Amino acid sequence: MTTITDPSYVDPAQLNPRAVRLLEAFKNALVRLRDEEGLTFDDINAVAGLLQKVQAATGAPLATVAMPLYSELFQGGQDSYTPGDDVNSPTFIPGSPRIDNPGTLPMRPDEPGTPLIASGRILDGHGQPLTGAKLDIYHAANNGNYSGLYDDGVPTYNLRGHLLTDDDGRYRFTTITPVPYADSNVTAVDGVAEAAAAVGRSLFRPAHIHYELHHPDLLTPWRGEIYFRGDPVIPVDFVGPKLAHPALQADTVLHDDPTDIAEHGFHGPYRTAEFDFILKTRTSPDTATPKEATA
């Protein structure tokens, strides 16, 4: 341990110019909010206190708990590429079982929910397929809980799995249709409901499926959430109304023809959803080829 005899001494070797610039920019942003929007210390204290309570209730990292403050700020992807998250989801669990392609996510025999067949392609910026890409898939059950996070008797990898894309970059799997959910650990915290209402947000998150994509040609692994177009919760998403970018919304179709249902082996109506991922590889152009131009 270094003994410091001069209280005014700062080791120049430890000075981080970037940290200095970021701190100054953050302070200047707060000055603008104070002068233009009337920001007070009490405002900051109230937000910080609420975030501390949510963190204590969930055990999630503070930066993750604070996501409703900046949501899509660290959402990558542009120039016609599929936007991804630069933030690891606390609901991810590594080591999910591999399923066939096409295949079915592991689920309980009596898993509640409407069956969903999700399919699509993984393409590079030229519209060419990424063969053998590893696609990790997971989502919450109908009660809003993710498997493996709670001591609730649900199998660790329930509604979790991964597959490899075929020669055409295609994937296809069957699961249940996700539904909007609210985290009971968060909503039980005193003050959360009032804070959400104050900024025009619901306590719920829109329905979504988490994906992680790995392939040797990708610049970086892709991770993010795919939502469902028309979900009324999207514009009032608890985490942020802009997080479900239009380029991250899949169209879904409800199938209720009895013959069709029987041919697919279901006992009632089911849904289908198609979504193509356009990802930047080491040889992709700065702007991806429009989807309409790919075949």
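Buried means under 20% relative accessible area. Tyr138 has 4% relative accessibility, so Tyr138 counts as buried. This is a predicted model. Tyr138 sits in strand β5.

What does Tyr138 touch, leaving aside residues up to four places away in sequence? Its contacts are Ser89, Thr91, Phe92, Tyr146, Leu159, Arg160, Ile209 and His210. Leu105 is 33 residues from Tyr138 along the chain, and 8.4 Å separates their C-alpha atoms.

## The largest nonpolar core

The largest nonpolar core holds 43 residues. Phe173, Tyr211 and Phe277 have the most contacts inside this core. At least two core residues come from each of α2 (41–58), β4 (115–123), β5 (134–138), β7 (170–176), α6 (192–198), β8 (208–214) and β9 (222–228). Which element supplies the largest share of this core? That is β9, with four residues.

Phe277 touches Thr82, Arg121, Ile122, Leu123, Tyr171, Tyr211, Leu213, Trp222 and Ile226. Residues up to four places away in sequence are not counted for Phe277.

## His215 between β8 and β9

His215 lies in the loop between β8 and β9. Is His215 buried or exposed? His215 counts as buried because its relative accessibility is 15%, and the cut-off for buried is under 20%.

Beyond residues up to four places away in sequence, His215 touches Leu130, Thr131, Gly132 and Ala133. With Thr131 there is a polar atom pair: a polar atom of the His215 side chain lies 3.0 Å from the backbone oxygen of Thr131.

Key:
Residues are numbered from 1 along each chain as its sequence is written. This is a predicted model: local features need pLDDT of at least 70, side-chain atom pairs count only at pLDDT 80 or more; totals for chains, interfaces and linings use all residues. Side-chain values use heavy atoms; hydrogens and water are left out. A nonpolar core is a set of buried Ala, Val, Leu, Ile, Met, Phe, Trp, Tyr and Cys residues joined through side-chain atoms within 4.5 Å. Buried means under 20% relative accessible area, exposed over 50%, partly exposed in between (1.4 Å probe, protein chains only). Contact means heavy atoms within 4.5 Å. A polar contact is a pair of N or O atoms within 3.5 Å; within protein, one must be able to donate a hydrogen and the other to accept it, and residues adjacent in sequence count only if both atoms are side-chain atoms.
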